[in-house]
Amino acid sequence: AGQRAALRSVAAIEAQVLQVRTLPQGQSVGYSATFVAPADLRLAIVNLGYADGYLRLLGRAGHALAVGVRCPIRGVVSMDLIAVELPPGAGITEGDWLSFPLDLPALAQAAGLTQYE
């Protein structure tokens, strides 16, 4: 009686890759240079941000899926863009689409929110 059912997603988020760049070791990305590359990394810049409803808090724990592989967000989610680390050899290029999973319980926990927020 007191048990709540978990919310489930009724929509999906996808974003298009606008640019693919190499971030050299020691260089930063994102507001306030919050992420510094520990090695040379291949990044996709995608057209998704907090203006689209993708929470800034998810920059710490959010990820995209590229060819079925988990790709962590690097740096802070900006108003219109997100930097996503691409796996070596993934073959992702400008114009491709990445998906952003909506595992509500996991995202809520990672962001320190409830599923309803």
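A salt bridge is taken here as a side-chain nitrogen of Lys or Arg lying within 4 Å of a carboxyl oxygen of Asp or Glu. The model is a predicted one, in which local features need pLDDT of at least 70 and side-chain atom pairs count only at pLDDT 80 or more, while totals for chains, interfaces and linings use all residues. Residues are numbered from 1 along each chain as its sequence is written, and side-chain values rest on heavy atoms, with hydrogens and water left out.

The structure holds one salt bridge, in which the side chains of Glu-85 and Arg-74 meet at 2.8 Å, N to O. This pair links distant parts of the chain, since Glu-85 belongs to strand β7 and Arg-74, eleven residues apart from it, to strand β6; helices (H or I, at least four residues) and strands (E, at least two) are DSSP runs numbered from the N terminus. Glu-85 counts as buried at 18% relative accessibility, whereas Arg-74, at 23%, counts as partly exposed, where buried means under 20% relative accessible area, exposed over 50%, and partly exposed in between (1.4 Å probe, protein chains only).

The interior can be described through its nonpolar cores, each a set of buried Ala, Val, Leu, Ile, Met, Phe, Trp, Tyr and Cys residues joined through side-chain atoms within 4.5 Å. In the largest core, which has 22 residues, Val-46, Tyr-54, Ile-82, Val-84, Leu-98 and Phe-100 touch the most other members. The elements giving two or more residues to this core are β1 (13–23), β4 (41–46), β5 (63–66), β6, β7, β8 (97–100) and α1 (104–111). Leaving aside neighbours within four places in sequence, Phe-100 is in contact (heavy atoms within 4.5 Å) with residues including Ile-13, Val-46, Tyr-54, His-63, Ile-73, Ile-82 and Val-84. A second, separate core of eight residues includes Leu-23, Leu-43, Ile-45 and Ala-83.

In α1, the buried residues are Leu-107, Ala-108 and Ala-111. They cover an arc of only 100° around the axis, so they lie on the same side of α1; the arc is that of the directions from the helix axis to the C-beta atoms. An α-helix has 3.6 residues a turn, so residues three or four places apart point the same way. After α1 comes Gly-112, whose phi is positive, near 70°.

The loop between β6 (69–74) and β7 (82–86) contains Met-79, which is partly exposed with a relative accessible area of 41%. Ser-78 is found in the loop between β6 and β7 too, but is buried, with a relative accessible area of 13%. Leaving aside neighbours within four places in sequence, Ser-78 is in contact with Tyr-31, Gly-49 and Tyr-50.
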